[in-house]
Amino acid sequence: MSVTGSTLPKTFLLLGSGELGKEFAIAAKRLGNQVIAVDRYANAPAMQVADEAEVISMLDGDALESIVTKHRPDFIVPEIEAIRTEKLAEFEARGITVIPTAAATHYTMNRDRIRDLAAGELGVRTARYGYAAALAELQAVAAEIGFPNVVKPVMSSSGKGQSVVRSPEELTTAWQYATEQGRGDQAKVIVEEFIHFELEITLLTIRQWAGPTLFCPPIGHRQERGDYQESWQPAPIAPELLKQAQSIAQRVTEALGGAGIFGVEFFITPDAAIFSELSPRPHDTGMVTLISQNLNEFELHLRAILGLPIPEITVYEPAASAAILANRQSDPAESVVYDGLAEALMEPGTDVRLFGKPSTRQYRRMGVALARADSIDQARAKANRVARSVQVNLTGL
C-alpha cells in the first residue's frame, strides 16, 4: 500500500496511550489530524492531548471491534504489546491501514515470533535462545544455554519482567517475575545467552511506502531492572559495525513490511552487531530525539505513515536523555505532584517532559530530562543532573 500524496486530515486510532503515544499524538495534531487515544485506564498521557479517548482492554476483540466501528479510523497505530492482534488482520482486510502492518504487529508483539523470524528465517546473528512455558522447562533450557543468561516474558514492554540469572537457584524467582510482569494472556518466557557487549544501541529505522529505508544516528542506552534509564546520541560505534547493524535492520524491517519507524536494538561487541529486539513504533530510548534531531522520532513516524517527505535527518549536537522515576506506589487517594522544576530548567541546553501519568509505582517512568552539550559525556551528566532535580511526590486529594 502507498499513501504518498494523501490529503489531510486523517483519523488515527492510537492503541496504547503512554508517553510515546502522547508525543505521537502531539505530532499528529500539529498537522491537523484527529487522534482517538485508547488505553486500559482513564486519563492516560496521550488521552490528555487527543480529540477523543476510549478505555478498554485491547485484548478484548469485541471491544476493539466496537471502537473501530464507532470511529472508522484511517490508521490504527499500536503503541503497546497487549493487543488482540488477530483483530488487526480483520481490520486491515476491511481497508484500514494498520501500522506498520497487521502481520508485522503480530510478529513483533511476541519476542518468540520476531526472534524466530530474525534468526530462523533470515539467518541474522542473535544470542542463543530457547523458550519455556513452565518452570521445569525453564530449568532445562537455562541449563542448556548456560549461566549467566537472561529471562524475559515473550510479551512485555520497556524491559518489564526481565532478569539476569546467574545460577540455577535464581530461576524460580526469574520465572515468577517474568510471568507476573508479562503482558498478554500466555505464560511463556524466552531464555537468552548473556552477551558480554561493549555498548547497547537502538537503531531507529524508518520504512517509507515509497522511498529508501532511512536511519537515525545510533542511540546508546543504559538499562536497570531491564528498563531504560538513559540514552545518548550519537552513540560511538565503528563505521563497519554501524553498516552491519543498518544492513540487519533493513533486512528485518523489509521482511515485516509496511511503513513507519522501528526501534531495532543491538548488542555491540568488538567485532559484531548482534540483533537483540525490535519494536514496530517509536522507542523509549529514542526520546532523546526530542532534543537532538531536526525531526524527532514521533514526527518521523508520522511522516512515514502519511507518505510525507523526509528530506534529511540531522543531529544538532551530542545529546542525552535521563528517566525521571517514581520512588513508590501511590494509592487511589493520592495525586502526583512535581517539585524542583525551577532548578531543573535553569541549566542552558536542557528541557523536561512530564508525562502526566495519573498514578505511580516504584521505578515507574514519570518524565524525561533532555540535554545537549559539546560531548556525549557532558550531555549525559547534564541530563542526569536535571532528572535528579525533579522530585515525583504524592499528595492527598
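Guide: Two strands pair if DSSP finds at least two bridges between them. Helices (H or I, at least four residues) and strands (E, at least two) are DSSP runs, numbered from the N terminus. This is a predicted model: local features need pLDDT of at least 70, side-chain atom pairs count only at pLDDT 80 or more, and totals for chains, interfaces and linings use all residues. Residues are numbered from 1 along each chain as its sequence is written, and side-chain values use heavy atoms, with hydrogens and water left out.

Visitor: Which residue in β2 stands opposite F12?
Guide: Strand β1 (residues 11-15) and strand β2 (residues 34-39) run parallel, joined by 5 bridges. Opposite F12 stands V35.

Visitor: How many of the 10 residues of α10 are buried?
Guide: Buried means under 20% relative accessible area, exposed over 50%, partly exposed in between (1.4 Å probe, protein chains only). The buried residues include F298, L300 and L302. Helix α10 is largely enclosed by the rest of the structure, because its buried count is 8.

Visitor: Which residue follows α10?
Guide: At the helix start, a side-chain oxygen of N296 reaches to within 2.9 Å of the backbone nitrogen of F298. After the helix comes a residue with positive phi, near 70°. That residue is G307.

Visitor: At what angle do the axes of α5 and α8 cross?
Guide: Axes are lines fitted to C-alpha atoms, for helices over the stretch in contact (heavy atoms within 4.5 Å). Angles run from 0 to 180 degrees between N-to-C directions. I114, L117 and A118 in α5 meet V252, A255 and L256 in α8. The axes of helix α5 (residues 111-121) and helix α8 (residues 239-256) come within 11 Å and cross at roughly 120°.

Visitor: Which side chain makes a polar contact with the side chain of H221?
Guide: H221 lies in strand β12 (residues 219-224) and is buried, with a relative accessible area of 4%. A polar contact is a pair of N or O atoms within 3.5 Å; within protein, one must be able to donate a hydrogen and the other to accept it, and residues adjacent in sequence count only if both atoms are side-chain atoms. At 3.3 Å, the partner of H221 is T202.
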